Amino acid sequence: MRVFQFYSSASLEKLTGRKAHNLDELLELVKTCSSSSIFFHTFSAFRKLREAQTPYTNDFAVWIMRHLSEEALAEKLLAIDLAEYNTIESLRSRIVELLESYRRENPSLYEREATAPFYLYSLVRFVYLTDKFAYNLSSFRQLLDSISIDSLYYHFIESRLETQLETDDFSNWMQENPDYKELADRIRKIDMNIHTLVELRVRIGEIIDEYL
Amino acid sequence: MSIPKLSDYKDVVGRDVVGELYTLASHVGNRSIKMVNSTAVGGGVAEMLHRVVPLLNELGIETGWEVIKGGADFFDITKAFHNALQGKEEHFEQQVFKTYLAYNEMNYQEMSFDEDLIVIHDPQPAALIHWQKKRKNKWVWRCHIDMSHPNQQVWDFLRSYVELYDAAIFSSPLFSPQLKIPQYRFYPAIDPLADKNRELDDDYVTSVMEKYEIPRDKPIVTQISRYDPWKDPVGVIQAFKMARRHVDCRLLMVGDKAADDPEAEKILAQVNEAAGDDPDIKIIFLTHSIPTEINAFQRASDIVLQKSIREGFALTVSEALWKYRPVIGGAVGGIPAQIIHGYTGMLVHSVEGASLQIRTLLQQAELAKRLGQNGHQRVKDEFLITTLLKRYLLLLLALDHPGKSTILLD
């Protein structure tokens with residue numbers, strides 16, 4: 001097995017000055033904003049909202065639920081599984097598709113004023129190497145408990161934007177060893193939408209322990 | 001208690017969070033920061049700088065802090081600017097702006113600005129940059145006040161200086177005006193090891209409640225806030241009285257009054273009148289609050305209210321959430337950033353809403369507990385000083401790569 005280098009990521013939030021007051025304006029923002037804005041309101045939001053045990057996967061759904069009380073549309077948006085997207089553009093397309101198809105069914109709704117505006121953010125994202133390296137499954141297991149939550153999130157969810165793979169880094173690395181193909185498959189199938197990152201760390205550890 | 005070191009935060013936020021700060025600091029390398037503001041004591045900015053400056057130094061970022069000087073005339077002007085930038089209608093004579101600039105120039109001549117990053121806090125020293133004609137370092141303006149509806153005359157004057165900076169920082173998009181320079185969002189932060197937030201012995205909490213003669217025979221609902229109409233203290237009493245028809249409880253109100261607020265006495269009289277001689281309502285008026293006592297009041301509470309109808313960031317919400325209290329907050333200012341309704345607390349828009357949530361949370365212990373736990377986590381992720389330190393480290397890195405949205409650090 002090659003050495004597994006643990007990376008981590010962090011982001012600095014930027015204000016864009018752009019906002020939406022209704023769903024039409026939100027749709028326009030989603031279509032025209034930078035990819036880092038999409039990243040902020042999805043991948044970055046999910047990372048933080050997950051730990052507070054909210055069922056939200058993105059800021060768009062939170063705003064639609066809180067300020068437009070349009071539960072059905074919010075549900076569709078929060079059912080988006082970020083793990084299925086390895087490019088921001090494919091994720092943006094999905095959000096646009098959902099917003100446009102809902103508009104076809106509810107055209108008048110899109111001009112209704114929300115109780116507060118949606119503020120579009122952007123961010124500067126940092127991806128960096130940590131001082132942690134795993135040489136085999138055993139050392140990986142030892143390090144798993146000490147890596148940061150951000151590092152865990154990066155490798156399990158976010159890195160697919162870099163690798164363009166439809167899988168997390170951990171299972172991708174494990175499956176290089178023929179003995180760990182089943183392990184890799186089990187790790188890959190962990191549903192992030194029902195675990196916090198703290199629970200995810202525990203779950204991954206429990207599964208690996210069965211193979212050590 | 002000695003001043004906490006960065007290593008002391010490991011037990012509070014986790015070893016991994018502190019480790020991450022050191023990793024990021026190693027990517028930043030040997031850099032220096034100078035913080036500049038207008039007061040060394042009093043107020044949230046000074047309180048925060050007293051903690052952030054030594055902790056950044058521990059991370060290897062050589063960080064200094066200087067306070068600008070000025071006569072009473074200067075601080076009268078900057079106080080008036082502060083109120084105007086928060087929306088107060090007032091017209092200023094040209095001499096006022098000249099005096100402001102003269103003090104800024106005097107301070108500029110007495111100070112040096114050789115650090116890699118200069119962070120100027122709030123409007124008082126904002127014009128210092130005007131005299132720094134050629135610069136190799138970066139200058140950032142950190143605005144802590146709500147500038148969503150600024151007095152146009154003052155803002156037009158100030159903006160010409162603010163737009164000379166490399167970037168500006170605001171606490172919320174709600175508070176920021178349109179600017180030509182990049183704007184970052186830094187949430188304000190609480191220090192979990194400060195006296196106002198650190199763990200307390202139960203005996204101490206008990207002694208504080210005894211000192212103020214607050215029986216603990218019933219659940220306690222508390223609002224700790226200045227007696228000011230925007231904190232809606234009368235609405236809190238009304239909500240409490242409505243809720244108590246259904247569930248037995250006590251109301252504790254703790255607060256001071258703004259020294260420069262002529263309305264304060266009137267508000268306090270209204271609060272006392274609304275409370276009447278109700279034995280379940282305890283109103284405490286403090287001229288100088290003791291942080292550990294405020295901490296004890298929060299920890300002794302079953303529910304903490306921040307029923308504001310207009311608000312800045314309201315870090316009192318984060319203080320209570322950090323202590324695992326279920327919080328009911330008005331859906332204004334920075335409160336919705338801290339409270340995700342139904343998950344990290346409850347947001348309300350009316351006296352009736354507050355009353356209903358008091359009833360709900362006092363009778364649904366599991367829900368109240370869950371809100372407190374999730375709220376604690378939300379604060380841990382976003383509103384602690386360790387997150388603020390991380391933002392400063394990232395800011396140093398971001399300013400090295402202007403215009404880039406993804407930065408790879410190997």
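Colleague: In which helix of chain B does B:D202 lie?

Modeller: Helices (H or I, at least four residues) and strands (E, at least two) are DSSP runs, numbered from the N terminus. B:D202 belongs to helix α7 of chain B, residues 202–211. The model is predicted, with local features needing pLDDT of at least 70 and side-chain atom pairs counting only at pLDDT 80 or more, while totals for chains, interfaces and linings use all residues. Residues are numbered from 1 along each chain as its sequence is written, and chains are lettered from A and ligands numbered from 1 in the order in which they are written.

Colleague: Is B:D202 buried or exposed?

Modeller: Counting C-beta atoms, placed from the backbone, within 10 Å of a residue's own, 20 or more others make it buried, 12 or fewer exposed, and a count in between partly exposed. B:D202 has 10 other C-beta atoms within 10 Å, so this residue is exposed. B:D202 and B:A300 are 98 residues apart in sequence, yet 9.0 Å apart in space, C-alpha to C-alpha.

Colleague: Which domains does the assignment give for chain B?

Modeller: Domain bounds come from an automatic or database domain assignment. Here domain 1 covers 6–189 + 384–400 and domain 2 covers 202–382. Their C-alpha centres lie 31 Å apart. Residues are in contact if their C-beta atoms, placed from the backbone, lie within 7 Å; domain 1 and domain 2 of chain B contribute 9 residues each to their contact.

Colleague: What is the strand order in the open sheet of 6 strands in chain B?

Modeller: Strands pair if DSSP finds at least two bridges between them. In chain B the order is β9-β8-β7-β10-β11-β12, with parallel pairing. The edges are β9 (281–285) and β12 (346–348) of chain B, each pairing on one side only. Neighbouring strands of this sheet are turned by 20 degrees against each other on average, direction ignored. Within the sheet, β7(B) (220–224) and β8(B) (250–255) run parallel and are joined by 5 bridges. B:I224 has B:V254 in β8(B) as its bridge partner. Helix α8(B) packs on this sheet, touching β7, β8, β9 and β10 (303–306) of chain B, and its direction makes about 170 degrees with that of β8(B).

Colleague: At what angle do α8(B) and α9(B) pack?

Modeller: Axes are lines fitted to C-alpha atoms, for helices over the stretch in contact, and angles run from 0 to 180 degrees between N-to-C directions. Helices α8(B) (233–244) and α9(B) (264–275) pack at about 10 degrees, their axes 9 Å apart. Angles under 35 degrees count as roughly parallel, over 145 as roughly antiparallel, 65 to 115 as roughly perpendicular and the rest as oblique. α8(B) and α9(B) are therefore roughly parallel to each other. On the α8(B) side are B:P233, B:V234, B:I237 and B:Q238, which meet B:I267, B:Q270, B:V271, B:A274 and B:A275 of α9(B). This contact has 7 nonpolar, 2 polar and no charged residues. Ala, Val, Leu, Ile, Met, Phe, Trp, Tyr, Cys and Pro count as nonpolar, Asp, Glu, Lys and Arg as charged, and the others, Gly among them, as polar.

Colleague: How many residues does each chain give to the contact between chain A and chain B?

Modeller: Chain B gives 37 residues and chain A gives 29. On chain B, α2 (15–28), β6 (183–185), α14 (365–382), α15 (385–400) and β13 (406–409) each supply at least two residues. The largest share of that side, 7 residues, comes from α2(B). By class, the side of chain B that touches chain A has 15 nonpolar, 12 polar and 10 charged residues.

Colleague: Which strands make up the open sheet of 9 strands?

Modeller: Strands of a sheet pair through backbone hydrogen bonds, either parallel or antiparallel. The order is β2(B)-β1(B)-β3(B)-β4(B)-β5(B)-β6(B)-β1(A)-β2(A)-β13(B), with mixed pairing. β2 (62–67) and β13 of chain B are the edge strands. From one strand to the next, the twist averages 25 degrees. β2(A) (118–134) pairs with β13(B) in the parallel sense over 4 bridges. A:R125 stands opposite B:T406, and A:V127 stands opposite B:L408.

Colleague: How many residues of β1(B) are buried?

Modeller: β1(B) (32–37) is mostly covered, with 5 of its 6 residues buried. β1(B) and β2(B) run parallel, joined by 6 bridges. There, B:I33 stands opposite B:T63 in β2(B).

Terms used. Contact = placed C-beta atoms within 7 Å.
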